[in-house]
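Please keep the sequence and the model in view while reading.

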Amino acid sequence: MTEQETDTPVIYTDQVVRRFGEGAALVTAVGGVSLTVESGEFAALVGPSGSGKSTLLNLIGGLDDPDEGHIALAGMNLTSMSSAEMSDFRRDHIGFIFQSYNLIPVLSAAENIEYIMLLQGLAARDRRKRVDEMLKMVGLDGLGHRRPAELSGGQQQRVAVARAMASSPDIILADEPTANLDSKTGVALLETMRELNENEGVTFLFSTHDQKIIERARRLVWLEDGMVTKDEAPERL
Amino acid sequence: MLILKLAFRNLLRNTRRTALTCLLLTSALVIMILMDGMMVGVSRLMVDSLTDTLEGEAQIYHQGFRERFDPSLYLDNTVPLREVLALDQDVRAFSERVMTPAMLASSYATQGVMIYGIDHEQEKAVSRIREAQVEGSPITKGSDLLLGDSLAEKLEVGLGDRIVLTTSSVEGNELVQRLFRVSGVLNFGPSELDDRLAFIDLEAAREMLMIGDGTHQFVIRFENRDRANEADLPLYDRVRNDQTAAEGWLKLQPSIGGMLEMTGFGRLILGLVLFLLAALGVVNSIFMSIYERLYEFAVTKAIGTRPWWIGRLIVLESLLMALASVAIGVLIAYFVGDYLEREGLGLGQMEVGGVVIPERIRPVMLINQFLEASWFLIGLTLLTALYPALYAAKITPAEAIKRSL
């Protein structure tokens, strides 16, 4: 994990706007959001469907470009990066966990975790060592050889967490990570992520409307119609 | 190498689609190689038929003789030419001929013909007159005459029958007549030969035309046939002058050259059509595979995969399919080609440009056909994969994720 300077937030957005469509069909998905997330936070963007939380998460992760405003991650301005620079930045600084079909189905769990380190150019021995560590960390020791189809939904999401962690990112962005999991599995996955946050200091930002995440997040940023309506500080919890 | 592993496993995801795409590529390759073999076979057959039957691989003749076949245009200083031909190491054999238009009259009919005065022994090495003989014996005496079977039918003559040959002498332009006996009947195949040609002894022809030691044609066969069409062949340079022309078979029969050119063009067109059809199949297959993996590409891009890496993966998957198709296609083409080379392909007898194509055509399989078609297929598949690869590389993660969910 990259050391963050104490005065540099992991995420900084300034009046970010994202619109879709044209003319009468123009929709403002994110309408001028300013947000700061500090290192080590366990925060969630919360809101109903269509509130703009996934769009905002995509903008923060550099998966989409804002129409207006600025986004900085780990002190780097995302809006000025080229496509290749953006890919490298995501690889080295951001871990992603998506809702479903998160893994490359033709690679084993271990290979899925190794993949990102391969892109980083790590030596084979270092990769294998890190893969073993990550599998142990998410409780999948001994299941590295299995392909995603041979793992349960919860186990697949654990592999996704391990993959997100493997590159030692500054932040993990998780878009509805529990949406396709049953309640028990969802809770177990969240506990794993919270442990990583508490023990390893990994910053998590969720996009969710899942009550389980809302109950466990230490900061909740409420969105409605693309605007922040409430930002509940850690003290609330 | 993870990218190779990934590409290989991706191909095995939908084995039916991969197998069908490979089948398409394999079929195109096999058809291309075999068709090429067939065309080379037919081309060689045409050239063989042309050069072996009567024309030879090259000819030395009086300037202008071939335009009008005017008997007065004969080579009179033949001794030095014979010496040059006898000493030239490229020349395997040669034959002298005297030619004149004439009238053949039997007891029942008369026919205008082209008479060839030939030396039977020399002809054995340069033409197929001996092989074409279906009845009788070769020319051994001055009164022997060979003629085509359809000409014999028109004149209603058979072996041993008398026949009168009338022509005009070159010197003095006098009408000359001589009695011959039919010593043999020929069947070359092309009707223009069997209808119109008759052969007599070389010396008898010279006597009738009163041209002394003169000759209308030196017909040549080379040690290596390919040399015949070399414009700067030393033999040609030595014998060519204001009076004497020397040309290889391609110049002598430009229509065959045109047909060979057309055959080459046909091969190119056939290859392009076949491979374009295959290419369309490949593009379709790759795009189907990309659309199925849209979310996956989006995720891999999201986690930091560079666009060109995804493009490279698509190209590698296509390359693997092309390589597998080439391996299978080359094996199939080899065995089928080998079988056809032995057994031939029965298409019925045809006459193309005065050349008889026999009932069974045998392809000529060359290593180049396999190599060229394989490289062509691989190259075209890679080229075909570029556009889908570019498409996949340009996928915007956020959009692709939204579309896939």
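In which crossing, left-handed or right-handed, does α5(A) pass α6(A)?

## Basis of the report

This is a predicted model, in which local features need pLDDT of at least 70 and side-chain atom pairs count only at pLDDT 80 or more, while totals for chains, interfaces and linings use all residues. Residues are numbered from 1 along each chain as its sequence is written, and chains are lettered from A and ligands numbered from 1 in the order in which they are written.

## A helix pair in chain A

The crossing of α5(A) past α6(A) is right-handed (the near helix is turned clockwise from the far one by less than a right angle). The contact involves A:Gly153, A:Gly154, A:Gln157, A:Arg158, A:Val161 and A:Met165 from α5(A), and A:Thr185, A:Ala188, A:Leu189, A:Thr192, A:Met193 and A:Leu196 from α6(A); residues are in contact if their C-beta atoms, placed from the backbone, lie within 7 Å. By class, these residues are 6 nonpolar, 5 polar and 1 charged (Ala, Val, Leu, Ile, Met, Phe, Trp, Tyr, Cys and Pro are nonpolar, Asp, Glu, Lys and Arg charged, and the others, Gly among them, polar).

## Chain B

Chain B contains 16 helices and 14 strands, taken as DSSP runs (H or I, at least four residues, for helices; E, at least two, for strands) numbered from the N terminus. The radius of gyration of chain B, 31 Å, is well over the 22 Å given by the globule rule for 405 residues, so chain B is more spread out than a compact globule. This radius is taken over C-alpha atoms, and the rule is 2.2 Å times the number of residues to the power 0.38. The C-alpha trace of chain B spans about 100 × 45 × 30 Å along its principal axes.

Notes. Two residues are in contact if their C-beta atoms, placed from the backbone, lie within 7 Å.
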